[in-house]
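Q: Hi, could we go through this structure together, beginning with a pocket and then moving on to some strands?

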Amino acid sequence: MKSKYYITTPIYYVNDVPHIGHAYTTLACDVIARFKRLDEYEVFFLTGTDEHGQKVETAAKNNGVNPKKFVDKVSENFKNLLNCMNFSNDSFIRTTEKKHIKSCQKIWEKLLSNGNIYLDKYSGWYAVRDEAFFSESEIVDGKAPSGAPVEWVEEPSYFFNLSKWEKKLLEFYESNKEFISPKSRRNEVISFVKSGLKDLSISRTSFSWGVKVPNDKNHIMYVWLDALTNYLSACEYSNEKNNEFFKKFWPADIHMVGKDIIRFHAVYWPAFLMAADLPLPKKVFAHGWWTNEGNKISKSLGNVIDPFQLVNKYGIDQIRYFLLREVPFGNDGDFSNSQLINRINSDLANSYGNLFQRVVSMIFKNCNEKIPLKPNNFNKEDITLINSIKNNLNDYRSLIDEQKFDQYLKSIWIVISNANKYVDEQAPWALKKNNFERMEVVLFTLVETIRQISILLLPFIPDTAEKILDHIKIPHDQRKLKSVGFILNGNIKISLPKPLFPRI
Ligand code: ME8
């Protein structure tokens, strides 16, 4: 039986158009999902939109439309991003969907019947931009720690008894060292929990755009309880007739988030789940933040990076590669056009693209338009090159499981560079005249290496890697991680290649 793998992105607020930050998180998930499928896992890859709350309600008002109409329109932009970036999600959840609302009410009732919710009154600060409550001591210069403006709120509210879960959370972090990754985030969360947790307000009464609290029509659920529950809704938590899907996929293997929302995912969410007697996700990974040429990305600064424009200008795989290669995943990164162009020209056009172009052209011109038949007289250099990927598959698996995308790519580019060096050293154009048979071995070795590299690159640059595998006629059922280990048979007719990555 196949192992299952459930991976999620945050669900994005529909107060605004998607930007590069949203594309980044979903891209990381897409690469993991594609890798796991390549490794024959049964994958459920979820993304979606967060459509309730004061922030979205205000955005709708500012646009002069009712919230439902507004969210229907804006969530389409997020769906369009999926196509634009070639994302392979299996499902897209919207928090205005019936099945999600049912899930929210189900978890609420469970929390209530387990004695974890009580009615009281909230008075304190609220930041609409963060959709978060803050106590007096957290306010910095009259603002939330994120810099978001705050407003004073006083209203009746249901509370979740978060303080009761402090010890259990710390025990859980202790026995599940990987739960919060990377390590720096783990330390940050642990010290936050150790500093003492206060009960959490989980309902609002001063506006109405949200999921109704069961049996109390004056309250709507706090948008974060609503939003986090999407991870359950999408895998059929509220489907009373058939819970096979839920049983199979829950708990999630990884929730991928940005560092801004780690507290919600690594503190509130596991506490809600424990309190509702549900299993906890295996990992929350909080990646870093992109800036634009050194500046914080924000609509008010007018420097939001539009992924649609970038892809149009540079190409999908170019952007996918750059985002995951440029910055070690987990760190903050700065988006710079000149760095992007450098990466495209040096890594994609001059290294990988050029390797493919020159090897396949030489085969086309010198070997009667056919990849030579698999030889049986490889020398030491040939074998070293051929084995460099195939003998290290477990290392690639670990790098994906540790979300070390840049290292994965670096390691493949070492093989690409070695293959380019091997071309220069073996000089097949010279062998053509005096040792035709050896030339065939060299070209076979190279095309076999390109085959392995391209399979490993399928998760990152799927269009280009598929194009290469199509070009050398690798059957679709041999584009799996396990097929890296079988060596090509050769004797395959090919055509003259076109450049894969135009230089910029
Ligand atoms: O927080 N760099 O939604 P959101 C990197 N609805 N990543 C960035 C980024 C940047 N500059 N800007 C945004 C919400 N992101 C909630 C989530 S989940 C149950 C509810 C990414 O639309 C990053 O993943 O504000 C961040 O966590 C997310 O977008 C925030 O998206």
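This is a predicted model: local features need pLDDT of at least 70, side-chain atom pairs count only at pLDDT 80 or more; totals for chains, interfaces and linings use all residues.

Q: OK, and what volume does the second largest pocket have?

A: The second largest pocket has a volume of about 280 Å³. It is lined by 16 residues, and the closest to its centre are Ser181, Pro182, Lys183, Glu402 and Lys404.

Q: Which elements give two or more residues to that lining?

A: Those elements are strand E7, covering 180–181, together with helix H6, covering 183–194, and helix H16, covering 405–426.

Q: Switching topic, is strand E2 mostly covered or mostly exposed?

A: Strand E2, which spans residues 42–50, is mostly covered, since eight of its nine residues are buried, where buried stands for under 20% relative accessible area.

Q: And how many bridges does E2 make with E1?

A: E1, made of residues 4–13, pairs with E2 over eight bridges, and the two strands are parallel. Within this pairing, lysine 4 stands opposite glutamate 42 of E2.

Q: What do E1 and E2 make with helix H1?

A: Together with helix H1, which spans residues 20–38, the strands E1 and E2 make a β-α-β unit that is right-handed.

Q: Then how many bridges join E2 to E3?

A: Four bridges join E2 to strand E3, residues 91–94, and these two strands also run parallel.

Definitions and conventions. Residues are numbered from 1 along each chain as its sequence is written. Side-chain values use heavy atoms; hydrogens and water are left out. Buried means under 20% relative accessible area, exposed over 50%, partly exposed in between (1.4 Å probe, protein chains only). Two strands pair if DSSP finds at least two bridges between them. A crossover is right-handed if, with the strands pointing away from the viewer, the path from the first strand over the helix to the second runs clockwise. On a 1 Å grid over the protein atoms alone, a cavity is a set of points where a 1.4 Å probe fits but cannot get out, and a pocket is an open set with protein on both sides within 12 Å along at least five of seven lines; lining residues have an atom within 4 Å of a point. Grid points are joined across faces, edges and corners, and a volume is the space filled by probe spheres set on the points.
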